[in-house]
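Please keep the sequence and the model in view while reading.

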Amino acid sequence: MSQIAAGARQSGVSDIDVLTERPRLIGIAYRMLGSLSDAEDVVQEAYGRWYALPEPRRAAIERPGAWLTTVASRICLDLLGSARVRRERYTGEWIPEPVPSDSLTDPAELLLLDESITMAFLVVCESMTPAERVAFVLHDVFGYPFAEVASILGRSSAACRQLATSARRRVRPAPAPSPARSADVVRAFKIAWEAKDIASLVGLLDPSVVAVADGGGLASTVAHPVAGSERVARYTVQITERVPEMTLLERVVNGRPGLVAERDGVVETVLAFDVADGVIRRIWAVRNPEKLRPWRAA
């Protein structure tokens, strides 16, 4: 960020403070990539390219925010292509990087919180092609007209409209429970987990619940998703028996009630939940320490 600020001072931009675009750019890049660290790198690169332009060229750009969005989106598009290859080589299950949202004092953490920041939404986005994801995020989430999306993707407006339509079919939003109701369910799950109460855990889980863990080969996890309320409940209790000194804390994860597991004051696991009709349908447990840096820095 200091390099960007230095560039801003050197550029002499007086009509618009391009740095105010940073939270929006990070929000766009995070939704496209599912990684906050990658999103920050993308935005840093976009600003680097902006300040690398000769001063007359920068002065001639009427909408610096649009320019930065175009550059950042194209970088994301390139990264999405290579990310598929990287994730095929990833050890175990890959889950989007969770972001803390208890504190919104840092603009980078704001991310324009809404339904599109939830873990469930980001997981669905992983099934989209890179072009579908870029078109969908820009148009459906951030409201960019297809004419602008077309200039970013290098396709016609009609083609971009079709991409967004195709992506939209993958997203089947269910009525979201109130935050208070979701918090009640997650809190009850925490209490039952701490008490090793398998019967209560089963009652809080959808019969077809699926739990997925991401250790990235750097932290121990179950190798494959665990399905079914009984199996998930028993596996949850087994974790407590193996790590009796674990402390569970209620936190907001990607804008929804979640849990954080700490040991000796260090965050070791972040859990996100998909709650519907009073029960938990999906559990995502991120243990890869590289994805927990924002939580350990908090």
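## Pairing of β1

In this predicted model, valine 210 stands opposite arginine 282 in β6, a residue pair that belongs to the parallel pairing of β1 with β6, which extends over 6 bridges. Strand β1, made up of residues 205–214, is mostly covered, with 8 of its 10 residues buried.

β1 also pairs with strand β2 (residues 226–227), here in the antiparallel sense and over 2 bridges. Within that pairing, alanine 211 stands opposite valine 226 in β2.

Alanine 272 has tryptophan 284 in β6 as its bridge partner, while alanine 276 is partnered by valine 279 in β6. The hairpin of β5 and β6 has 2 residues between the strands, and in this hairpin aspartate 277 takes a positive phi near 55°.

## The sheet as a whole

What order do the 6 strands of the open sheet take? The order is β2-β1-β6-β5-β4-β3, and the pairing is mixed. Because β2 and β3 (247–253) stand at the edges, each with a single partner strand, one side of each is left without a neighbour in the sheet.

## Helices lying across the sheet

Helix α11 (residues 179–194) lies across β1, β3, β4, β5 and β6, and runs at about 30° to β4. Helix α13 (residues 229–242), in turn, lies across β1, β2 and β6, and runs at about 45° to β1.

## Contact of α8 with α10

Two packed helices are described by the angle between their axes and the distance between the axes. For helix α8 (residues 130–141) and helix α10 (residues 157–170), the axes come within 8 Å and cross at roughly 90°; angles of 65 to 115 degrees count as roughly perpendicular, and the two helices are therefore roughly perpendicular to each other.

On the α8 side, the contact is made by Ala131, Glu132, Ala135, Phe136, His139 and Asp140, which meet Cys160, Leu163, Ala164, Ser166, Ala167, Arg168 and Arg170 in α10.

## Helix α2

Helix α2 (residues 22–33) has 12 residues, which at 1.5 Å a residue should span 16 Å, and the separation of its end C-alpha atoms, 16 Å, agrees with that expectation. α2 is mostly covered, with 11 of its 12 residues buried; among the buried residues are the arginines Arg22, Arg24 and Arg31, together with Leu25, Ile26, Ile28 and Tyr30. Just after α2, glycine 34 takes a positive phi of about 70°.

Conventions. Residues are numbered from 1 along each chain as its sequence is written. This is a predicted model: local features need pLDDT of at least 70, side-chain atom pairs count only at pLDDT 80 or more; totals for chains, interfaces and linings use all residues. Side-chain values use heavy atoms; hydrogens and water are left out. Two strands pair if DSSP finds at least two bridges between them. Helices (H or I, at least four residues) and strands (E, at least two) are DSSP runs, numbered from the N terminus. The expected span of a helix is 1.5 Å times one less than its number of residues. Buried means under 20% relative accessible area, exposed over 50%, partly exposed in between (1.4 Å probe, protein chains only). Contact means heavy atoms within 4.5 Å. Axes are lines fitted to C-alpha atoms, for helices over the stretch in contact, and angles run from 0 to 180 degrees between N-to-C directions. Angles under 35 degrees count as roughly parallel, over 145 as roughly antiparallel, 65 to 115 as roughly perpendicular and the rest as oblique.
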